[in-house]
Amino acid sequence: MSIAENFVARSRYWLTKEYPIKIRRCVDALPGQVVWARPNQSSNSIGNLLVHLTGNVTEWILGGVGGRSIQRYRAGEFAQKDGAEASTLLHNLEAVLKDADSILAGLTEKDLERSIVIQERETTVLGAVYHVVEHFAMHTGQIISITKMYAPGKIHFYEDAGGVARPTWHKGTALDEAPH
């Protein structure tokens, strides 16, 4: 596998497997009313973050990389004080991630080198994919942190066994492995 193929494969994995599974586990651990609760006035709710992640992947991957015509009101993603239920927000995000995965699956090394402009920024397809993965990771971490505030002890992603953090987040998913 080439470096380009590995980069695309790992990006697809993070965006369609690990991050969404962790986000779903967080949302499932929360009481419904907490999804739009803000820890303080300068923070976002999990609802805001789910809407924002959907917008970001739509703009950067479907639009920027995939060439689709996209209309996005980014500031509105953060201005919302309430909105759809968590299940709808997750469904919307997962639908966009499925579309994005189709685009990512078709990328070649030559595609990764292609110059594009997103949000008036010049980048490459590789730069755009890298941005989306790191951005998704950051907001996944915020969702985990907010969940730990509102539902202490309800989520746990790793067990320490012999000094090695073994993932538990994938239990019950297609990524589930035989016990260690």
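Q: What should I know about the model itself?
A: The model is predicted: local features need pLDDT of at least 70 and side-chain atom pairs count only at pLDDT 80 or more, while totals for chains, interfaces and linings use all residues. Residues are numbered from 1 along each chain as its sequence is written, and side-chain values use heavy atoms, with hydrogens and water left out.

Q: Which residues of α1 meet α6?
A: Among them are Phe7, Trp14, Tyr19 and Cys26 in α1, while those in α6 include Leu126, Tyr130, Phe136 and Ile143. Contact means heavy atoms within 4.5 Å.

Q: How do the residues of that contact divide?
A: The contact of α1 with α6 has 16 nonpolar, 3 polar and 1 charged. Here Ala, Val, Leu, Ile, Met, Phe, Trp, Tyr, Cys and Pro count as nonpolar, Asp, Glu, Lys and Arg as charged, and the others, Gly among them, as polar.

Q: Staying with α1, is proline 20 buried or exposed?
A: Proline 20, found in helix α1, counts as buried because its relative accessibility is 8%. Buried means under 20% relative accessible area, exposed over 50% and partly exposed in between (1.4 Å probe, protein chains only). Not counting residues up to four places away in sequence, proline 20 touches Trp14, Leu15 and Leu97.

Q: And what about helices α2 and α4, how do their axes cross?
A: The axes of α2 (residues 46-65) and α4 (residues 86-105) come within 9 Å and cross at roughly 20°. The two helices are therefore roughly parallel to each other. In their contact, the residues divide into 15 nonpolar, 4 polar and 1 charged.

Q: What does threonine 58 contact?
A: Threonine 58 belongs to helix α2 and is in contact with Gly63, Ile70 and Val96, leaving aside its neighbours within four places in sequence. At 17% relative accessibility, threonine 58 counts as buried.

Q: Which residues does alanine 86 contact?
A: Alanine 86 lies in helix α4 and contacts Val27 and Val35, leaving aside neighbours within four places in sequence. Alanine 86 is buried, with a relative accessible area of 15%.

Q: Now the strands: how many bridges join β1 to β2?
A: There are 4 bridges between β1 (residues 115-118) and β2 (residues 121-124), which run antiparallel; two strands pair if DSSP finds at least two bridges between them. Isoleucine 116 has threonine 123 in β2 as its bridge partner. The strands form a hairpin with 2 residues between them, and glutamine 119 in the turn has a positive phi of about 50°.

Q: What stands opposite glutamate 159?
A: Arginine 166 in β4 does. Strands β3 (residues 158-161) and β4 (residues 164-167) run antiparallel and are joined by 4 bridges. In their hairpin, glycine 162 in the turn has a positive phi of about 65°.

Key:
Axes are lines fitted to C-alpha atoms, for helices over the stretch in contact, and angles run from 0 to 180 degrees between N-to-C directions. Angles under 35 degrees count as roughly parallel, over 145 as roughly antiparallel, 65 to 115 as roughly perpendicular and the rest as oblique.
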